[in-house]
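Welcome, and please take a moment with the model below.

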Amino acid sequence: MKFFKSMTLGATMALTVLPLLATQANAETLTITIDSTLETLDPHNSTANAVASISNGVMQRLIGFDKDMKMVPMLAESWTVNDNATVFTFKLRQGVTFHDGTAFDAAAAKVNIDRLADQSNNLKRNSMMRVVAKTEVVDENTFRLTLKEPFGAMLATLAHPSIVMHSPKSLAEDGGDVSKHPVGTGPFVFNEWVPGERYSVVANPNYWEAGLPKVDGVNFLTVKETATSIAMLKADEAQFVFPLPPELFETVEADEQFDILEVPGITVRTASMNMAMKPFQDPRVREAFNLAVDKNAFIQVVFAGHGVVPTSPIAANTAYYSAQEAYPFDLEKAKALMAEAGYADGFSIEAAGRNSSDETRTLQFLQQQLGQINVKVKINPMEAAARSARFFGNDVTGETATFGLALGGWSPSTGDADWHLRPVYSTEGIIPNIYNMAFYSNPKVDAFIASGLNSADDDVRAAAYAGAQKLIWEDRPVIWLAAENKLAGARADLSGVFPMPDGTFAYANAGFE
Amino acid sequence: MSNESELGAQDLLLNIKDLKVSFANGTVQAVRGIDLNVAPGETVAVVGESGSGKSVTALSLMRLVEFGGGSIDSGEILFRQRNNEICDIAALGDSAAREMRGNDIAMIFQEPMTSLNPVFRIGDQIVEAIVTHQKHSVADARAIALEMLETVRIPDAASIMARYPHQLSGGMRQRVMIALALSCRPQLLIADEPTTALDVTIQAQILRLIRELQDRTGMAVLFITHDMGVVAEVADRVVVMYHGEKVEEGAVEDVFSAPQHPYTKALLTAVPRLGAMNGTDHPAPFSKVSTTETEPAESKAIAVPVVDYDAEPVLSVRGLTTRFDLPEGLLGRVRKRVHAVEKLDLDIWPSETLGIVGESGCGKSTTGRSLLRLVNSHFDEMRFDGQVINDFDKESLMRLRREIQFIFQDPYASLNPRLTVGFSICEPMLLHKLETRKNAFDRAVWLLEQVGLSADHARRYPHAFSGGQRQRVAIARALSTNPKLIIADEAVSALDVSIQAQVINLMMELQQKFGLSYLFISHDMAVVERISHRVGVMFLGQIVERGTRRQVFENPKHSYTQRLMAAAPIPDPMQRNKDRAQITGEIPSPIRGINNPPHILTYRDLGQGHQVALE
Amino acid sequence: MHLYLIRRLLAMLPVLWMISIFVFLFVHAIPGDPARMIAGEQATMADVEAVRRALKLDEPLLIQYFTFVKNTVTLDLGNSLRTGESVYDMLARAAGPTFLLAICALGWSVIFGLFVGVISAVHSGKAADHIGMIAAVSGISMPNFWLGLLLMQFFSLKLGWAGTSGFNSASDLILPSLTLGSGVAAVMARFTRSAVIEVVREDYIRTARAKGLVERIVIWKHALRNALIPVVTMIGLQFGFLIGGSIVVERVFRWPGLGSVLVEAIQFRDFAVIQAELMLFSLQFLLINLLVDILYGFINPAIRYK
């Protein structure tokens with residue numbers, strides 16, 4: 001009886017849903033919701049994930065990432081690098097034209113890299129090409145890049161989503177404004193941008209890659225309220241929702257019409273311990289802090305279980321990751337270490353972070369967990385800009401920084417160990433310069449990081465970063481909390497659109513099955 | 001039908017039989033079985049004080065009492081309609097009652113200032129009444145409305161049609177109300193205290209108008225009032241109500257000459273009669289009469305204070321001038337100002353009462369306020385209690401405000417409803433740091449006893465008091481700082497006559513006991529005559545005549561004083577038809593152009609302080 | 001009347017000038033560095049300084065204030081620090097949807113609020129009154145955010161009668177304006193109720209009844225016209241409230257309005273946009289005040305302006 005009932009129910013549902021899906025499958029336009037507004041359409045001048053995401057169907061890089069952040073040829077078919085990572089030569093793909101008809105060639109690549117290398121352009125991504133000394137058109141399809149100093153992470157940097165190739169014509173002074181009307185080589189052509197509201201692209205009929213694009217166009221809508229984006233997904237007003245907040249995971253997962261797309265992220269969430277403060281100068285205290293926090297519980301509380309416990313300062317899918325032994329949740333040992341360090345009765349600290357729901361919850365969680373080793377935590381969830389001023393203000397020094405714990409989350413958008421270890425753990429990275437909020441400084445670590453940059457050789461680099469990761473892991477300047485998964489919700493028949501580990505998403509292969 | 005035969009037999013317009021009306025679901029009995037008849041063309045006055053049920057009776061006739069939360073419990077209100085059919089108003093359905101209202105029976109109310117809707121034009125408000133009941137086009141209705149306005153003698157009626165109520169004076173508004181009431185030619189007009197809020201001169205005009213209209217249309221009038229003077233002016237028959245019951249009924253002459261019920265007697269005794277003091281030099285209290293047969297008449301004699309005019313005046317003011325600028329235009333330039341008080345001289349001796357009489361807007365209230373600098377004013381010279389006050393620094397102002405106290409017309413508005421009266425009385429003492437908290441409360445209790453209340457009243461809130469009791473509280477508060485002078489601004493005007501008499505007696509008693517001086521400001525000639533040693537008659541910000549009470553009231557020399565006295569209603573029906581001088585038209589305005597200051601009056605001295613402005 | 005208008009408008013200038021000072025000081029006093037926010041989380045200090053120079057945020061405050069005043073007076077308004085877009089264009093684009101939404105919300109909520117308020121007042125203490133006031137209290141206490149999602153859930157997802165969000169056609173106004181107006185409708189209902197109850201006690205209502213007018217006219221014409229006098233003040237205040245409340249509604253319904261622009265500008269400390277928008281709100285508030293005063297004159301003949 002029960003079986004019969006559910007069968008009829010299923011049949012009725014299928015009858016009502018199927019025609020709906022059928023008609024929708026014919027609608028060849030995809031709508032994607034994003035959670036922020038676009039400040040520009042020029043990835044060279046933006047640090048926003050959203051800008052990188054919406055651009056990757058329109059403009060392409062020399063080197064791309066596959067879904068696991070492994071470098072793959074894109075506009076460059078192959079490349080060679082000299083031993084000390086100073087000269088990079090690229091064989092470019094032939095027969096590629098920009099949307100405005102201009103041919104993509106070595107000259108075009110040169111124009112773009114020169115634009116980024118010229119620091120006087122005041123572009124937000126200028127710093128990524130600061131090391132470039134010379135760009136050369138070797139022949140029509142060969143482009144060479146010479147650096148001022150060895151930089152082993154150069155290939156990964158060129159694969160960064162922001163290092164796209166604009167049409168040289170669009171970059172020329174009379175060519176238009178690439179911040180409002182980008183022209184690239186991708187499967188989609190820029191169509192319309194209403195700032196703050198929507199962005200749309202249409203299929204590029206002359207795209208170089210066979211079989212693409214598979215949809216007529218893609219619309220991007222800014223939806224700040226996540227509940228609204230879920231409603232839009234369910235009303236089929238949008239077919240891909242990104243990011244999907246973990247707390248809404250279940251409402252999407254429960255519905256067979258929708259899929260959850262989940263990839264392990266490369267963002268590592270940390271609580272930096274202010275090593276300019278006396279208690280944190282004691283390694284036993286830092287170890288105790290790492291042992292006193294139950295990371296699995298943390299991932300449940302803050303990311304609804306969608307994350308992994310870090311096993312290195314960098315995430316597992318970041319290049320040159322080297323696994324360390326995870327810190328267990330061991331309260332007894334933590335208490336013992338605190339007592340040994342003379343802090344059996346604990347001490348009081350302030351923990352600061354954003355007032356976003358996830359960071360507020362993180363602060364509350366830490367407050368509760370550290371209370372178990374008698375540390376009194378005063379939590380301070382701050383508005384974004386106020387927090388930014390507190391952490392990265394020009395006058396911030398170890399002496400003036402009053403926070404004991406600072407929440408952070410770093411995502412190396414090049415997918416390379418260098419752009420995680422250097423900003424967060426090197427002496428160079430100490431705030432306000434970049435992101436080292438622990439005021440952690442270990443010359444040996446700095447040396448490893450430097451040697452990693454001095455070579456383009458995978459083995460050499462891997463060894464250097466393994467050394468750095470091991471030292472940092474033992475020094476424990478931060479509490480490693482989690483590497484959360486990147487989640488997206490999508491209509492079940494959508495393919496080719498997926499979240500990337502770096503917090504962007506790719507849509508070039510979008511299609512409905 | 002018996003109804004018909006009865007009304008027909010007696011040829012009555014209205015026959016109320018054993019009407020009972022209650023409020024709050026029968027818990028409050030407002031009218032306890034009234035019988036009342038009105039013949040066509042007759043004027044019947046229903047007299048009584050607040051709470052006697054007279055207004056409730058009137059509202060029941062209109063079936064308006066339901067809107068105030070009341071209900072007609074029993075009884076009949078038989079009314080002869082135009083087509084000679086008899087109906088019982090008490091039993092009419094809501095819609096039939098509505099059709100009757102304003103059509104067969106119309107009503108005018110006590111408050112002309114608030115009885116017209118402020119947001120609609122005068123003409124439209126009258127037209128609305130006409131088209132509601134009669135099949136007239138709006139154009140025809142406008143013509144009728146205009147005719148009605150002319151009938152009630154509104155000058156320039158055509159332009160008044162387009163005005164809003166706030167642009168008219170109280171008297172004009174009451175004329176409009178009458179025009180409105182008469183617009184459907186009712187057979188019965190109910191006039192509920194129609195002149196109480198008006199100045200005496202305007203009151204006389206309105207009363208005369210009603211009488212004339214009645215003569216012309218033959219309608220009957222049911223006149224609700226507490227003022228025996230008005231009754232004497234208008235009524236054919238009188239019905240006296242007391243506590244929801246009719247206690248006396250009779251022809252107006254009979255009731256005035258030979259009142260039967262003790263309440264009627266008390267009421268007539270308490271009526272201040274202009275001229276009642278003729279032949280005497282000093283103020284005199286009202287003789288007290290009990291209001292019920294069981295209550296013994298109060299016998300305590302009140303000694304009248306004698307004033308020593310050789311002494312220094314307690315307050316002496318020269319050249320008091322108060323003006324209000326009226327800014328206008330883009331830059332707020334002053335082109336006009338109100339000349340509220342102009343070059344006024346005042347002297348008040350210890351234990352003396354100086355009465356100031358005049359009509360609304362004459363500046364009498366502003367005078368009182370100016371003395372305490374509650375409004376910005378100018379003095380040539382001011383002496384108080386032997387001291388010259390020439391600059392109003394904080395200290396001398398504090399002293400002045402301690403030594404001079406105010407009593408206002410509306411004690412409810414001047415007492416904070418959220419404070420116990422005991423605290424309200426303590427407040428001035430604490431403010432002026434005269435007493436400690438504990439002593440202040442003891443003194444408050446003592447003061448309450450002085451004004452005829454008791455100690456346990458101190459812990460109650462103002463809403464628990466009747467109007468007369470509240471005024472007693474206000475007096476107790478005024479006394480709390482031991483003042484030398486009390487300014488009583490229309491202090492008894494809102495009270496029922498019997499209460500009014502009691503409060504006046506109390507004030508005189510306290511004057512004797514504490515050596516108080518009063519500046520007694522009132523529009524009521526008879527009251528001023530009763531209480532004052534000396535009197536000033538005020539007109540357009542200046543005194544037109546002053547002297548002892550006897551000089552001014554027995555020998556008025558200024559024409560304005562004479563007209564004012566002539567307009568005061570005389571509570572004696574025998575004198576009704578005496579042709580008296582009338583003040584016609586409106587009270588003149590004290591607003592003048594900036595380059596057109598008023599003429600400062602000069603006086604003729606008639607000897608012994610009697611001064612009259614030259615006309 | 002013209003004179004009055006001119007005087008009132010002129011009087012706004014010094015007020016606006018004072019507001020400009022407050023706005024500038026406020027914007028610069030709140031913690032947060034636009035260069036840092038715009039450069040992004042991963043920027044190095046060198047990047048931040050480059051942004052600062054590019055946006056002329058390194059100029060002295062006084063110069064920045066004069067630029068702000070100059071921009072405001074010339075209506076040029078400068079460019080957004082974050083996007084470089086003309087602030088005038090940004091506000092011009094967003095003002096339409098926001099005001100349209102506010103007016104729609106105000107429109108229905110005032111009419112509805114007046115209606116419920118009068119009905120409640122007339123049936124004061126009876127069932128209709130209780131139902132109306134319970135609805136009003138719920139309206140006031142229900143957060144816009146929650147109500148908006150609820151309506152979306154029901155009308156867009158369950159019934160499929162409306163799109164979830166965005167502004168593409170006139171019908172898209174319905175759900176957001178319902179959400180935005182609910183609080184105002186409730187306030188209006190309560191306020192109208194008490195105003196009518198007060199007015200019904202007035203002598204002129206007794207006069208109207210004594211004329212024999214039907215109760216419908218007594219209430220809806222005589223009482224309501226007078227009750228409107230305080231209610232109009234309330235409407236003016238509520239309009240300001242609506243503009244504020246629209247921030248949440250705009251977020252939920254993806255409404256391309258001023259609220260979203262302001263929130264984002266504050267988030268990124270986009271001074272030019274915050275300043276211009278706060279000035280716009282202040283001006284709008286002053287104008288609404290003026291409008292209310294003029295309306296007042298029409299409703300209340302005792303206050304006619306010359």
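Predicted model: local features only at pLDDT ≥ 70, side-chain atom pairs only at ≥ 80, totals over all residues.

Residues are numbered from 1 along each chain as its sequence is written, chains are lettered from A and ligands numbered from 1 in the order in which they are written, and side-chain values use heavy atoms, with hydrogens and water left out.

**The interface of chains A and C**

- On chain A, 41 residues are in contact with 38 residues of chain C, where contact means heavy atoms within 4.5 Å.
- Together the two chains bury about 3400 Å², 50% of it on carbon and sulfur atoms; buried area is the accessible area (1.4 Å probe) that two parts lose on being put together, summed over both.
- Seven salt bridges are counted between chain A and chain C, each a side-chain nitrogen of Lys or Arg within 4 Å of a carboxyl oxygen of Asp or Glu.
- One salt bridge pairs Glu225(A) with Arg251(C), and their closest N and O atoms are 2.9 Å apart.
- Strand 10 (217-222), helix 6 (226-234) and helix 13 (384-392) of chain A each supply at least two residues of the side that touches chain C; helices (H or I, at least four residues) and strands (E, at least two) are DSSP runs, numbered from the N terminus.
- Helix 13 of chain A gives the largest share of that side, seven residues.

**Glu264(C)**

- Glu264(C) sits in helix 11 (residues 258-267) of chain C.
- With a relative accessible area of 12%, Glu264(C) is buried (under 20%; exposed is over 50%, partly exposed in between, with a 1.4 Å probe and protein chains only).
- Leaving out residues up to four places away in sequence, Glu264(C) touches Thr37(A), Lys224(A) and Arg82(C).

**A nonpolar patch on chain C**

- Phe145(C), Trp146(C), Leu150(C) and Val248(C) make a nonpolar surface patch of about 360 Å².
- Such patches are made of residues with over 30% relative accessible area and no salt bridge, nonpolar side chains (Val, Leu, Ile, Met, Phe, Trp, Tyr) being joined within 5 Å and like charges within 9 Å.
- Helix 7 (residues 144-158) of chain C provides the largest share of the patch, three residues.
- Phe145(C) lies in helix 7 and is partly exposed, with a relative accessible area of 35%.

How values were computed: Areas by Shrake-Rupley, 256 points an atom, 1.4 Å probe, with all protein chains shown as cover.
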